[in-house]
Amino acid sequence: MRTAYSVETVRHAEAQLMARLPEGALMQRAAAGLAAACADLLGRVYGARVVLLVGSGDNGGDTLFAGTRLARRGAGVTAVLLAPHRTHPAGLAALLAAGGRIADDPFEVLAAADLVLDGITGIGGHGGLRPDAVPVARAARGSNAVVVAVDLPSGIEADTGEVRGEALRADTTVTFGTYKPGLLVDPAKEYTGSVRLVGIGIEEHLPSVPDLEALQHADVARMLPLPAAESDKYRRGVVGIVAGSARYPGAAVLAVAGALRGGAGAARYVGPAADAVIARFPETLVHAGPPGRAGRVQAWVVGPGIGEDGDAVREVLASDVPVLVDADGLRLLDAAAVRDRAAPTLMTPHAGEAAALLGVAREEVESARLASVRELAVRFGATVLLKGSTTLVADADGRRSPVRVNPMGTPWLATAGSGDVLSGLAGSLLAAGLDARDAGSAAAYLHGLAARLRVARGVPITASEVAATLPDAWRDVRE
């Protein structure tokens with residue numbers, strides 16, 4: 001599992017470590033890891049043309065000391081000083097002593113560079129690049145050089161993943177000690193390129209509970225339900241699906257498709273699209289409704305394609321089992337009814353639906369995804385899965401549990417019906433006994449992985465094809 005910590009937490013851990021180390025030792029560790037990563041990217045250091053974009057403070061110091069190490073190996077290293085009167089003095093002295101130089105014309109050296117180190121701002125930067133840094137950053141990005149961000153791309157918000165002004169897009173980011181939330185959450189994630197984590201010794205000083213975590217294959221494999229010797233369909237879990245309408249029968253079919261591949265013992269469909277569902281999945285248990293008369297379930301999914309059936313939403317929310325609410329169900333949702341539930345609730349909005357629930361513009365949700373998912377979870381007293389370029393899952397307890405970020409997201413999932421499949425899949429995991437946070441996180445991971453596996457076969461994908469590939473995703477994570 002990859003974990004990310006806030007700037008405040010990282011600085012506290014660094015302070016604890018620095019109290020035990022000689023002065024400057026921590027910066028040298030960071031510089032050594034950064035220089036090694038740059039050497040790997042260059043392939044051949046001797047004769048390479050390296051440009052350092054140097055801001056003030058420790059981030060600039062890391063950059064200068066890394067440049068010093070590259071200069072000692074024969075690289076031609078030139079520093080562009082963006083805060084000349086606040087440049088790290090020891091770092092600059094070391095670079096000059098190793099044969100590095102200060103640029104007279106930043107744009108001339110950038111045009112000829114093989115590699116550019118972005119050390120303009122560090123983890124404490126806010127509000128995008130300063131106006132005087134923008135032309136230099138644009139020249140770096142417009143060159144043929146590989147751009148390497150030092151700790152994080154300059155201009156992004158480390159704690160939130162927001163981009164509040166101009167930022168420098170990197171090809172690679174070398175981050176120190178731990179991931180920062182902005183490296184994992186869009187829109188900032190779009191600026192990071194590939195991310196390399198360099199250990200500097202602060203790990204033992206970080207708290208056990210991070211601010212953000214990203215699951216990996218082994219984490220998901222441990223969550224997935226497996227039948228025991230005495231299992232039957234009820235012990236494995238029955239998921240109820242309230243979806244579809246005369247106008248959107250396909251939503252019912254896709255939600256059931258996701259549910260049947262999610263690990264539960266059976267799917268019980270309730271709604272007007274029973275004929276379409278049975279035609280595709282004859283193993284489905286069907287009922288005309290209402291949900292309360294459909295039979296035993298261990299979890300409900302309500303909302304995909306139901307139109308204006310607010311009675312079904314209210315009846316499902318009144319049940320004593322976990323409930324997933326998606327799509328039309330979110331529009332018909334009563335916040336008080338969700339907060340009053342004793343059983344878990346998992347809400348799965350996309351950015352537009354989240355914006356409507358919060359009463360803000362969609363752009364506000366998309367630019368501040370982390371804050372939005374946390375606010376929704378607290379406001380509704382529910383677990384919230386915010387779909388999008390980086391899907392996030394937040395618990396109702398706010399900041400006491402890490403927000404989960406899905407590393408398997410892919411733009412290929414931006415296709416009609418994809419969310420219906422995800423709802424059924426997550427609902428099936430709820431019925432199988434996973435808590436809402438794990439069910440949402442594992443479902444998002446498998447959903448994204450299935451899409452990636454499908455794309456790897458060289459074909460465009462539909463939601464039906466993603467659902468059909470879910471068994472391959474299960475097998476992939478378990479192997």
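1. Arg-138 is exposed in this predicted model, with a relative accessible area of 52%. The residue forms a salt bridge with Glu-166, and the closest N and O atoms of the two are 2.7 Å apart. This pair links distant parts of the chain: Arg-138 belongs to helix α6 (residues 134–142), Glu-166 to the loop between β6 and β7, and 28 residues separate them. Glu-166 counts as partly exposed, at 29% relative accessibility.

2. A further salt bridge joins the side chains of Glu-162 and Arg-164, with an N to O distance of 3.2 Å. Glu-162 is buried, with a relative accessible area of 15%; the cut-off for that word is under 20%.

3. Glu-375 and Arg-379 also form a salt bridge, their closest N and O atoms being 3.1 Å apart. Both residues sit in helix α16 (residues 369–380), and because they are four residues apart there, about one helical turn separates them. Glu-375 is partly exposed, with a relative accessible area of 36%. Arg-379 is likewise partly exposed, at 35%. Elsewhere, salt bridges that share partners join Glu-213, Arg-404, Arg-437 and Asp-438 into one network.

4. The salt bridge count comes to 22. Among them are the pairs Arg-138 with Glu-166, Glu-162 with Arg-164, and Glu-375 with Arg-379.

5. The next points concern the backbone. Most residues other than glycine have a negative phi, and most peptide bonds are trans.

6. Asp-151 has a positive phi, near 75 degrees, and is not a glycine. Its place is in the loop between β6 (146–150) and β7. Asp-151 is buried, with a relative accessible area of 8%.

7. Ala-327 is another residue other than glycine with a positive phi, here near 50 degrees. The residue is found in the loop between β14 (323–325) and α12 (328–331). At 17% relative accessibility, Ala-327 counts as buried, since the cut-off is under 20%.

8. The peptide bond from Asp-186 to Pro-187 is cis, with omega near 5 degrees. Pro-187 is located in the loop between β7 (172–176) and β8 (194–198).

9. A cis peptide bond also runs from Gly-289 to Pro-290, again with omega near 5 degrees. Pro-290 lies in the loop that connects β12 (285–287) with β13 (299–302).

Key. Residues are numbered from 1 along each chain as its sequence is written. This is a predicted model: local features need pLDDT of at least 70, side-chain atom pairs count only at pLDDT 80 or more; totals for chains, interfaces and linings use all residues. Side-chain values use heavy atoms; hydrogens and water are left out. Helices (H or I, at least four residues) and strands (E, at least two) are DSSP runs, numbered from the N terminus. Buried means under 20% relative accessible area, exposed over 50%, partly exposed in between (1.4 Å probe, protein chains only). A salt bridge is a side-chain nitrogen of Lys or Arg within 4 Å of a carboxyl oxygen of Asp or Glu.
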